[in-house]
Amino acid sequence: TDEDDSTPQRSVAPWKHEMMKARNLRPCIIVKRDEVATNDDPYVDAAYDYIVQVYNRPSLDKEEQIPDGQIHYASNVPRHAIVFSDKIYTTDQHLENAFRKEIGLGNLFPDQWKDASSTQR
């Protein structure tokens, strides 16, 4: 049978430490969690590795993007490699009715500290 062209191509790559550089971080969804050996460490209840589906982020150059029609997974991703962050403009500070109050410092600092032209050390 002929392969359906609408079926996305899938690729899986194992996680590597160099993926932790900020420029390599991408949005992802956790697909699976696997428990891994903890070497009988009494201070660790359990350790997990994850399989994640990786997505493009808007600022990527064309050659760094996962092409349309492809699904990319990263396997053996340790928990410390997963960084949670808020979507842009979704935190409470962006609410229309967020509490905002100007904070004055009054005479908290001595005059010598306020004199920018002073060369004394």
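Guide: Partly exposed is the class between buried, which is under 20% relative accessible area, and exposed, which is over 50%. The model discussed here is a predicted one.

Visitor: Why is Lys32 called partly exposed?

Guide: Lys32 has a relative accessibility of 43%. Because buried requires a value under 20% and exposed a value over 50%, Lys32 counts as partly exposed.

Visitor: What makes the contact of Lys32 and Asp34 a salt bridge?

Guide: The side chains of Lys32 and Asp34 meet with an N to O distance of 3.7 Å. A side-chain nitrogen of Lys within 4 Å of a carboxyl oxygen of Asp is a salt bridge, and the pair is therefore classed as one. Side chains of opposite charge can pair when their charged atoms come close. The structure holds one salt bridge.

Visitor: Which class does Asp34 fall into, and why?

Guide: Asp34 has a relative accessible area of 29%. Buried means under 20% and exposed means over 50%, so Asp34 is partly exposed.

Visitor: How do you know whether Trp113 is buried or exposed?

Guide: The relative accessible area of Trp113 is 64%. Exposed means over 50%, and therefore Trp113 is exposed. Trp113 lies in helix α1, residues 111-114.

Visitor: What makes the nonpolar surface patch, and what is its area?

Guide: Ile103, Leu105, Leu108, Phe109 and Trp113 make the patch, with an area of about 630 Å².

Visitor: Why is Tyr89 called exposed, and where is its place?

Guide: Tyr89 has a relative accessible area of 65%. The class exposed begins over 50%, so Tyr89 is exposed. The place of Tyr89 is in the loop between β4 and α1. Tyr89 also has a positive phi of about 65°, although it is not a glycine.

Visitor: What is the phi of Asn76, and why is Asn76 called partly exposed?

Guide: Asn76, which is not a glycine, has a positive phi of about 55°. This residue is found in strand β4.

Visitor: What volume does the largest pocket have, and which residues are closest to its centre?

Guide: The volume of the largest pocket is about 990 Å³. Of the 33 residues that line this pocket, Asn24, Leu25, Arg26, Pro27 and Cys28 are the closest to its centre.

Visitor: What makes up the lining of the largest pocket?

Guide: The lining divides into 21 nonpolar, six polar and six charged residues. Strands β2 (28-36), β3 (47-54) and β4 (70-78) each supply at least two lining residues. The largest share, four residues, comes from β4.

Note on methods:
Residues numbered from 1 in each chain as written. Predicted model: local features only at pLDDT ≥ 70, side-chain atom pairs only at ≥ 80, totals over all residues. Heavy atoms only, no water. Patch = residues over 30% accessible without salt bridge, like charges linked within 9 Å, V, L, I, M, F, W, Y side chains within 5 Å. Areas by Shrake-Rupley, 256 points an atom, 1.4 Å probe, with all protein chains shown as cover. Buried < 20%, exposed > 50% of the residue type's maximum accessible area, 1.4 Å probe, protein only. 1 Å grid on protein atoms, 1.4 Å probe; cavity = no way out; pocket = protein on both sides within 12 Å on 5 of 7 lines; lining within 4 Å. Points joined across faces, edges and corners; volume = space filled by probe spheres on them. Nonpolar A, V, L, I, M, F, W, Y, C, P; charged D, E, K, R; others polar.
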